Amino acid sequence: MDINAKVGATGLAVAKVDRAKSAAAVGSGLLEVYATPSMAALMEQSACVALDGSLPEGWTTVGVMLNLEHTRATPMGADVEAQAAIIAIDGRIIDFEIVARDNRGEIGRATHRRIAVESARFMAKLG
């Protein structure tokens, strides 16, 4: 299995902060602000975008590590984005650096690791 991605490749994911993405809604707090778990999901999505089209048919990646720092609150209605960059590829292991921003600037950053897996084989192990 070959990963056809290169170190330096990037991916962008965008979202609008709404009630479903708030700390109050996802259970990570009581406030109506962008939730850390929602930001984590957006960051993982940006990593997946960076890998778009780089895996063989029947393969995907799964996230296995996310080291995230949420540095500033984002209010309801704001647009947010996460930009992932591939920083290392070692066999089936892909490492990323990710930065999240809203219209006022950086709101968080993370390192993230994904591992390429054969989808059918991975799911068969769960049964």
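Me: How many residues does helix α2 have, and what distance does α2 reach from its first C-alpha to its last?
Reply: This is a predicted model, and in it helix α2 covers residues 36–50, which is 15 residues.

Me: Which residues of α2 are buried, and which elements are included in what covers them?
Reply: The buried residues in α2 are Ser38, Met39, Ala40, Leu42, Met43, Ser46, Ala47 and Ala50. Their cover includes one helix segment, α1 (23–26), together with the strands β1 (10–16), β2 (59–70), β3 (79–90), β4 (93–102) and β5 (105–118).

Me: Which element gives the most to the largest nonpolar core?
Reply: The largest nonpolar core has 23 residues, and those touching the most other members are Tyr34, Leu42, Met43, Val80, Ile86, Phe96 and Ile98. At least two residues of this core come from each of β1, α2, β3, β4 and β5. The element that gives the most, with 5 residues, is α2.

Me: Which residues does Met43 touch, not counting residues up to four places away in sequence?
Reply: Met43 is one of the buried residues of α2, and it is also among the core members that touch the most others. With residues up to four places away in sequence not counted, Met43 touches Leu68, Ala82, Ile98, Ala100, Gly108, Arg109 and Ala110.

Me: Is Thr61 buried or exposed, and which residue's side chain is joined to that of Thr61 by a polar contact?
Reply: Thr61 has its place in strand β2, and its relative accessible area is 9%, so it counts as buried, the cut-off being under 20%. Leaving aside neighbours within four places in sequence, Thr61 is in contact with Cys48, Leu51, Leu55, Ile94, Arg114, Ile115 and Ala116. Among these, the side chain joined to that of Thr61 by a polar contact of 2.8 Å belongs to Arg114.

Me: Where does Thr74 lie, and which residue's side chain has a polar contact with that of Thr74?
Reply: Thr74 lies in the loop between β2 and β3, and it counts as buried because its relative accessibility is 1%. Apart from residues up to four places away in sequence, Thr74 touches Val17, Val33, Tyr34, Val80, Asp102, Arg104 and Ile107. The side chain that a polar contact of 3.0 Å joins to that of Thr74 is the one of Asp102.

Me: Is Leu31 buried or exposed?
Reply: Leu31 is found in the loop between α1 and α2, where it touches Ser22, Ala23 and Ala24 when residues up to four places away in sequence are not counted. Its relative accessible area is 58%, and because the cut-off is over 50%, Leu31 is exposed.

Me: In what order do the elements of the protein run from the N terminus on?
Reply: The protein has 3 helices and 5 strands. From the N terminus on, these elements run β-α-α-β-β-β-β-α.

Me: What radius of gyration does the protein have?
Reply: Taken along the principal axes, the C-alpha atoms fill a box of roughly 45 × 35 × 20 Å. For 127 residues, a compact globule would have a radius of gyration near 14 Å, and the protein agrees with this, since its own value is 15 Å.

Conventions: Residues numbered from 1 in each chain as written. Predicted model: local features only at pLDDT ≥ 70, side-chain atom pairs only at ≥ 80, totals over all residues. Heavy atoms only, no water. Helix = DSSP H or I, 4+ residues; strand = E, 2+ residues; numbered from the N terminus. Expected span 1.5 Å × (residues − 1). Buried < 20%, exposed > 50% of the residue type's maximum accessible area, 1.4 Å probe, protein only. Contact = heavy atoms within 4.5 Å. Polar contact = N/O pair within 3.5 Å; in protein donor to acceptor, adjacent residues only side chain to side chain. Rg over C-alpha atoms; globule rule 2.2 N^0.38 Å. Core = buried A, V, L, I, M, F, W, Y, C linked by side-chain atoms within 4.5 Å.
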